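Open your viewer and get ready to click along.

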Amino acid sequence: MRRTYPTMSENGQFAWGRQERSRKDWPTLPKHVNVDVFPEKLQVREVSPVTVEVAQSGFATTVHALRLRSWKLGPGQPALVTDQFTDADFKLVVDDRADVHVNSMDGRFYLGWFPTGRPGTDGEGWVIAVTGTAKTRGYRMSFDIETPADIVAAAVAQVLATSQPC
């Protein structure tokens, strides 16, 4: 669909006869600019015909483009995470709330699993932290209690893969 807009003639009238009005005598609101007081060379007074291609309005897609996906949901099996730690390199402690804490022997790695949520947080279920050195800062990650254990296990595996004996 094509639309053509009207042009303004030299005497200040649009093609269908409407007269252009000057706004020079209108008051200018505070923090606004009256464009009629701009220098003549900066003012544009002529309107040229413009033809615009108007596309169909709305959103168009196909059922194939909107294909539904299945996502892993729910906490899953926490053993997928905790089974990655060996007794030789890590200490595992289960406290009185049944929260699980895993520390590396050097004390620089920590994993906490809080099945009912970490106290004082809004549903934080997993915490992974690596302490930095004097030259480099450490980092910390946390996951919700409903984060699948497979996802946390993948993150732990990546962190463990970066560790090296000094």
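**Stop one: a residue in a strand**

Select Val130, which sits in strand 6, residues 124–130. Keep in mind as you look around that this is a predicted model. Is Val130 buried or exposed? Its relative accessibility is 19%, and buried means under 20%, so Val130 counts as buried.

Val130 and Phe109 are 21 residues apart in sequence, yet their C-alpha atoms are 4.6 Å apart in space. Which residues is Val130 in contact with, leaving aside neighbours within four places in sequence? They are Arg108, Phe109, Gly138, Tyr139 and Val159.

Next, select residues 149–162, which make up helix 2. Helix 2 has 14 residues and reaches 20 Å from its first C-alpha to its last, close to the 20 Å expected at 1.5 Å a residue.

Colour Ala149, Val152, Ala153, Ala155, Val156, Val159 and Leu160, which are the buried residues here. Then turn the view until you look down the axis of helix 2: the buried residues fall within an arc of 165 degrees, so they line one face of the helix. On the other side, Gln158, Ala161 and Thr162 are exposed.

What covers the buried residues of helix 2? The cover includes helix 1, strand 3 (90–94), strand 5, strand 6 and strand 7.

Zoom in on Val152 for a closer look. Not counting residues up to four places away in sequence, Val152 touches Val81, Trp126, Ile128, Phe143 and Thr147.

**Stop four: the salt bridges**

How many salt bridges does the structure hold? There are four, and we will visit some of them.

Start with Lys72 and Asp150, whose side chains meet in a salt bridge at 3.7 Å, N to O. This pair links distant parts of the chain, 78 residues apart: Lys72 is in the loop between strand 2 (51–53) and helix 1 (79–82), while Asp150 is in helix 2. Lys72 is exposed, with a relative accessible area of 53%, whereas Asp150 counts as partly exposed at 32% relative accessibility.

Move on to Asp99 and Arg97, another salt bridge, where the closest N and O atoms are 2.9 Å apart. Asp99 is buried, with a relative accessible area of 2%. Arg97 counts as partly exposed, at 39% relative accessibility.

Finish with Arg140 and Glu124, whose side chains meet in a salt bridge at 3.4 Å, N to O. The two are 16 residues apart and link distant parts of the chain: Arg140 is in strand 7 (residues 139–144) and Glu124 is in strand 6. Arg140 counts as partly exposed at 46% relative accessibility, while Glu124 counts as buried at 12%.

Terms used: Residues numbered from 1 in each chain as written. Predicted model: local features only at pLDDT ≥ 70, side-chain atom pairs only at ≥ 80, totals over all residues. Heavy atoms only, no water. Helix = DSSP H or I, 4+ residues; strand = E, 2+ residues; numbered from the N terminus. Buried < 20%, exposed > 50% of the residue type's maximum accessible area, 1.4 Å probe, protein only. Contact = heavy atoms within 4.5 Å. Expected span 1.5 Å × (residues − 1). Arc of directions from axis to C-beta.
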